[in-house]
Amino acid sequence: MTLDSTNSGESVPAFKTEFLKSCLSANVLTFGTYTLKSGRQSPYFFNAGSFYDGNLLSAIATAYAHTIIHFLDTNPGVPKPDVIFGPAYKGIPLACCTLLVLQNIDSSKWGAVKYSFNRKEKKDHGEGGGLVGAGLRDANVLVIDDVVTAGTAMRETIEIVKREGGKVVGFVVAVDRMEKMPSATDDDGVPRP
């Protein structure tokens, strides 16, 4: 497969091609043998922490923004988010930058959308609490994160949003490893869709 086509002969959108080229040229996506947080071995590693300059951050935020726009345009039953939520830690800059790109694309549609993120530990001084940014009560919440491996962080994020009174309407990630949480009886080490 090349960056310009898929096995089905369809063209890959330009924003995806640019994103992949950025990942490869900056060694955000590397190939080798890696042990993941889940304990499994992987032939590749995606390090969103390496999106640390303006060009790279723009590439990932632009890819997320166009993915969101395309998905909402082709799935009219899915509500537009009121809040874009970035789980601590890597999701935080991704959510903020993506919201800025969305607002720059169409300020009349995205200018009033808010962002929020969680703290790893609740703060008991100042404004306190476990969230920073917009509240989630009665909000449609779109979650932006870097990678889904076993789904643990995704489930934790759903619980945070529910606890705060919001409704998760979708997740956007750069890489979905398509694995599942192993149980005591069914983990054969094979990634699952």
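User: Is the crossing of α2 and α3 left-handed or right-handed?

Analyst: This is a predicted model, in which local features need pLDDT of at least 70, side-chain atom pairs count only at pLDDT 80 or more, and totals for chains, interfaces and linings use all residues. Residues are numbered from 1 along each chain as its sequence is written, and side-chain values use heavy atoms, with hydrogens and water left out. A crossing is left-handed if the near helix is turned anticlockwise from the far one by less than a right angle, and right-handed if clockwise. For α2 passing α3, the crossing is right-handed.

User: At what angle do the axes of α2 and α3 cross?

Analyst: Helices (H or I, at least four residues) and strands (E, at least two) are DSSP runs, numbered from the N terminus. Axes are lines fitted to C-alpha atoms, for helices over the stretch in contact, and angles run from 0 to 180 degrees between N-to-C directions. The axes of α2 (residues 54-74) and α3 (residues 91-105) come within 8 Å, and they cross at roughly 65°.

User: How many nonpolar residues are in the contact of α2 with α3?

Analyst: Contact means heavy atoms within 4.5 Å. Among the residues that make it are L57, I60 and I68 of α2, and L94, C97 and V101 of α3. Ala, Val, Leu, Ile, Met, Phe, Trp, Tyr, Cys and Pro count as nonpolar, Asp, Glu, Lys and Arg as charged, and the others, Gly among them, as polar. The contact of α2 with α3 has three polar residues, no charged ones, and a nonpolar count of 12.

User: How is α1 oriented relative to α2?

Analyst: The axes of α1 (residues 14-25) and α2 are 9 Å apart, and the helices pack at an angle of about 150°. Angles under 35 degrees count as roughly parallel, over 145 as roughly antiparallel, 65 to 115 as roughly perpendicular and the rest as oblique. Therefore α1 is, relative to α2, roughly antiparallel.

User: Which residues of the largest nonpolar core touch the most other members?

Analyst: A nonpolar core is a set of buried Ala, Val, Leu, Ile, Met, Phe, Trp, Tyr and Cys residues joined through side-chain atoms within 4.5 Å. Buried means under 20% relative accessible area, exposed over 50%, and partly exposed in between (1.4 Å probe, protein chains only). The largest core has 31 residues, and those touching the most other members are F46, F51 and I68.

User: Which element gives the largest share of this core?

Analyst: At least two residues of the core come from each of α1, α2, α3, β6 (140-148) and β7 (167-176). The largest share is nine residues, and it comes from α2.

User: Is L57 buried, partly exposed or exposed?

Analyst: L57 lies in helix α2. Leaving out residues up to four places away in sequence, L57 touches F51 and C97. Because its relative accessibility is 22%, L57 counts as partly exposed.

User: Which residues joined by a peptide bond have omega of about 0°?

Analyst: Most residues other than glycine have a negative phi, and most peptide bonds are trans. Y89 is located in the loop between β3 (83-86) and α3. A cis peptide bond, with omega of about 0°, joins A88 and Y89.

User: Is D138 buried or exposed?

Analyst: D138 is in the loop between β5 (129-133) and β6. Although D138 is not a glycine, its phi is positive, at about 60°. With a relative accessible area of 70%, D138 is exposed.
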